[in-house]
Amino acid sequence: MRLALLLLGALVLAFVAAPLFIVVPMSFSTAVSLEFPPPGWWTGYYTAYFNDARWTTPTLNSLGIALAVSVLTVLLVTPATFALVRHRFAGKGVVNLLMMLPLAVPHIVMAIGYYAFLADVRLLQTFPGIILAHTALSVPMAFLVLSANLKGFDRTLERAALSLGASPAATFRHVTLPVLWPGFAAAALFAFVQSFDETVVALFISGRDTETLPRRMFDSIRTQADPVIAVVSTLLFLAVAALVIVPVLWRALSRRRSEARP
Amino acid sequence: MSATTAAAGGGSLRPWLLLAPLLVFLAAFFLVPLAQVAVMSVSDPEWGLEHYVAIATDGFHLRVLLDTFITALTVSLCCLVLGFPLAYAMAAAPQGLAAAMMVVVTMSFWTSFLVRTYAWMVLLGNRGPIARFVEWMGFASPELLFTRFSSTVAMTHILLPYMVLSLYGVLKRIEPALPRSAASLGATPAGVIRHVVLPLAAPGIANGLTLVFVLCLGFYVTPILIGSPREQMVAGVIGQQVEEFLAFGEASAMAMLLLASTLVILGLYHRRFGLDRLWG
Amino acid sequence: MTKPYLELRNLSKSYDGRSRALDGVNLTAGKGEFITFLGPSGSGKTTTLMLIAGFEGATEGEILVDGTSITRVPPHKRGIGIVFQNYALFPHRTALQNILFPLQMRKMPKAQATEKARHMLALVGLERFADRHPREMSGGQQQRVALARALVFDPALLLLDEPLGALDKNLRESLQIEIKRIQRSLGVTTIFVTHDQSEAMAMSDRIVIFEGGRIQQAGTPLEIYDRPVNDFVARFVGDSNLLPICLTDPAAGTGEIAGIGPVRIPAQPGRRAGEAATLLLRPEVLGLAAEGAPNTCRLAVETVVHFGDSALVLGDVGGTPLRARLPGLAAQGISEGSEVALSWNPAAGHLIPAA
């Protein structure tokens with residue numbers, strides 16, 4: 001029974017992994033349409049991707065939008081998280097639910113809402129419009145990440161700093177912020193990725209000049225016109241792989257380093 | 001003195017000052033657009049409940065809703081059936097192996113829906129590995145893509161990491177002595193899983209099912225790209241109403257129904273387990 | 001005692017406005033004194049420490065250091081060094097940077113600050129660990145860094161909040177000696193909070209016993225051990241037999257204990273005959289009775305626990321449970337179920353008046 005479960009688990013792991021890795025050989029394929037195994041190999045589609053403004057512009061658009069979203073999200077969510085984690089006040093539960101709500105509403109619902117709303121305020125198909133919408137959608141995850149970090153923060157560190165002569169402001173700057181730094185980075189990263197990957201809302205509210213990468217990919221897959229999609233997929237997959245593997249390796253290495261010390 | 005007298009209590013203005021920027025932002029750029037959907041559902045093109053009446057009576061919309069629920073249920077159960085052995089293996093594996101498995105799952109989790117959808121187009125395409133294998137065996141190449149099957153498989157794959165991470169969270173916390181002591185008390189291996197592991201994992205199962213079901217209900221990208229054009233899901237129909245017919249009222253009414261279904265399910269979860277644990 | 005350096009005047013603290021976590025605490029400490037707050041959890045010892053540090057505001061009362069009230073001074077201006085239970089070292093700073101922190105906050109020139117911090121690091125014996133981060137150090141090393149950090153800015157007071165609780169026994173004992181040595185060499189007035197009575201006995205000039213938000217007794221370790229003022233202190237510090245006694249002739253020093261009979265005790269001038277009280281007998285004052293010795297009783301032995309150098313003999317005397325700690329050799333012949341004659345020196349009994 002146990003062995004069967006473990007065996008099944010290994011099979012499922014293959015099911016999880018295989019589709020991720022298949023995009024890599026596809027990107028080096030000479031095939032014009034979807035074909036696997038590839039009929040031949042080349043790197044022509046990589047050259048095509050990097051030289052085609054129809055791909056590079058949306059990529060840069062998405063990077064810029066995601067960067068703005070991650071900064072804006074952290075700036076908005078940080079004070080709110082301190083309020084919710086460190087203070088008791090009437091109405092806290094409602095505020096908490098409101099902050100989580102963007103995660104509960106299906107994106108297609110918000111897509112229509114943003115389409116109508118941004119048209120009304122004349123921000124449809126503009127960068128600010130996309131940034132504002134993506135920021136709202138990024139709030140819950142950033143809040144979850146940051147509040148988990150803040151709850152795990154040992155407040156005696158702040159008391160220690162005060163007892164050592166640091167003013168409340170200096171305590172925040174020299175102790176609270178540096179210790180919570182990984183939490184801010186993680187929250188910003190979540191916001192960045194959520195914006196960079198967000199497809200549905202962007203399909204409805206981005207325009208020709210503000211096209212995002214997911215929108216471009218969506219159109220490309222839908223029309224099956226462009227094999228460059230395999231290149232984009234591979235690059236995105238490799239970026240994710242680096243993002244996931246690097247911290248794991250870094251942790252393993254630093255553990256070994258500290259163990260090596262006497 | 002901020003850091004020292006934080007838990008001052010009810011009358012304090014300080015938390016509200018800290019919350020103000022975000023609350024104003026969410027009100028303006030989240031609640032207002034959301035409210036606009038509700039308003040459009042009863043006001044576009046003219047005021048009235050006609051869209052809701054139409055949805056309830058014309059058969060097509062109810063059919064779509066039902067199809068969507070069935071698909072979401074299928075995907076959720078598939079995720080559970082596949083996710084449990086994987087999470088179980090991860091929890092049982094030695095540390096290094098478990099970390100490697102975790103890397104694969106989180107990689108899938110973070111990879112764009114579009115990339116994973118594209119991968120399934122390759123896998124299930126009529127010149128893909130599965131079709132070729134079937135042909136090599138001497139059978140006629142099956143039509144896999146653009147069917148309910150292809151979108152169900154892809155959505156299962158895409159949502160599986162949510163289930164696995166939920167289950168792993170609870171399975172990892174089960175005290176290793178518990179299954180051992182159950183075995184020492186005479187439980188068979190199957191009995192250990194049925195009477196000890198599964199009940200202790202129940203919150204994680206509920207968590208995973210809720211997450212997957214809710215995400216699947218509102219799924220737009222994957223069903224549109226590789227699903228059957230004849231058997232659409234709610235989100236796809238909503239998008240189509242807006243994109244092709246500019247029928248904002250009808251789309252909004254459908255959107256409100258989708259939102260309501262989602263909130264009802266999340267509300268049920270909230271009453272039983274507390275919503276803040278869902279995405280923990 | 002020298003003139004008071006630290007003074008707590010009628011200090012009270014209530015968190016909810018009704019019940020009092022701290023209720024009218026008065027205490028003075030001389031310059032350079034090492035005072036231990038001892039008590040069970042929730043007794044008010046940590047609350048008192050938090051009030052002195054300034055992390056909590058007093059509901060009533062005053063705190064004075066060197067004659068000046070600091071009651072309303074914010075914590076970062078009090079200049080009080082604190083070592084926390086979990087050390088509270090800043091994880092993003094090395095050992096040296098942790099010790100530099102208070103000097104940086106005081107805007108001390110860099111060269112001077114570094115020299116001072118290094119000197120402090122040497123004092124706690126960690127020169128070689130200057131560039132390590134806290135997570136790369138053992139618990140005992142972190143403890144020393146925390147101590148150095150709390151002392152480097154010449155604090156008016158040093159507060160230690162159960163700083164040894166997380167360490168194992170051997171390390172704890174060596175650190176007790178070390179803390180005491182450093183404290184003496186710097187002459188800093190120190191308050192040490194613990195619930196470990198042997199730690200309190202080993203380190204303190206004076207011990208203050210807390211219970212129920214009040215000070216039960218303050219005195220030298222030997223005063224606390226030999227002459228506890230009430231049952232709680234007697235029970236909380238050391239092992240004890242508390243026997244109900246009826247005074248027959250207090251001035252002459254006689255009384256009667258149910259199950260034992262008439263006994264001799266230290267003379268109690270000023271008490272009335274017939275008064276009820278409690279007699280404290282530490283288990284180690286009981287010994288095997290010599291022929292004709294006063295204060296003899298016959299113990300029906302139930303259990304003997306051997307520790308090697310000594311043994312604990314448990315039993316009862318006429319229905320009253322009694323425990324005696326005998327030298328290991330003396331206890332060898334005693335078997336469970338037998339009966340032994342025990343006696344104690346009348347001067348070794350301590351009378352606790354009824355509350």
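How many residues does the contact take from chain A and from chain B? It takes 78 residues from chain A and 82 residues from chain B. Two residues count as in contact if their C-beta atoms, placed from the backbone, lie within 7 Å.

This is a predicted model: local features need pLDDT of at least 70, side-chain atom pairs count only at pLDDT 80 or more, and totals for chains, interfaces and linings use all residues. Residues are numbered from 1 along each chain as its sequence is written, while chains are lettered from A and ligands numbered from 1 in the order in which they are written.

**Chain A**

On the side of chain A that touches chain B, helix α1 (residues 2-27) of chain A gives the most, with 16 residues. Helices (H or I, at least four residues) and strands (E, at least two) are DSSP runs, numbered from the N terminus. That side of chain A divides into 64 nonpolar, seven polar and seven charged residues. Here Ala, Val, Leu, Ile, Met, Phe, Trp, Tyr, Cys and Pro count as nonpolar, Asp, Glu, Lys and Arg as charged, and the others, Gly among them, as polar.

Chain A is divided into domain 1 (22-45 + 228-262) and domain 2 (56-225). Such bounds come from an automatic or database domain assignment. The C-alpha centres of domain 1 and domain 2 of chain A lie 27 Å apart.

**Chain C**

UniProt, in an unreviewed entry, lists residues 6-237 of chain C for "domain: ABC transporter". UniProt positions follow the numbering used here, feature names are shortened, and annotations may be inferred rather than shown by experiment. The span of residues 6-237 of chain C is 36% helix and 24% strand, and its end C-alpha atoms lie 25 Å apart.

Strands pair if DSSP finds at least two bridges between them.

| Strand order (chain C) | Strands | Pairing |
|---|---|---|
| β6-β7-β8-β3-β9-β10 | six strands | mixed |
| β15-β19-β16-β17-β18 | five strands | antiparallel |

In the six-stranded sheet, the edge strands are β6 (80-83) and β10 (214-219) of chain C, and each pairs on one side only. Neighbouring strands of this sheet are turned by 20° against each other on average, direction ignored. Axes are lines fitted to C-alpha atoms, for helices over the stretch in contact, and angles run from 0 to 180 degrees between N-to-C directions. Strands β3 (residues 34-38) and β9 (residues 206-211) of chain C pair in the parallel sense over four bridges. Leu38(C) stands opposite Ile209(C) in β9(C).

In the five-stranded sheet, β15 (287-288) and β18 (320-327) of chain C are the edge strands. Strands β16 (residues 296-306) and β19 (residues 339-343) of chain C pair in the antiparallel sense over five bridges. Arg298(C) stands opposite Ala341(C) in β19(C).
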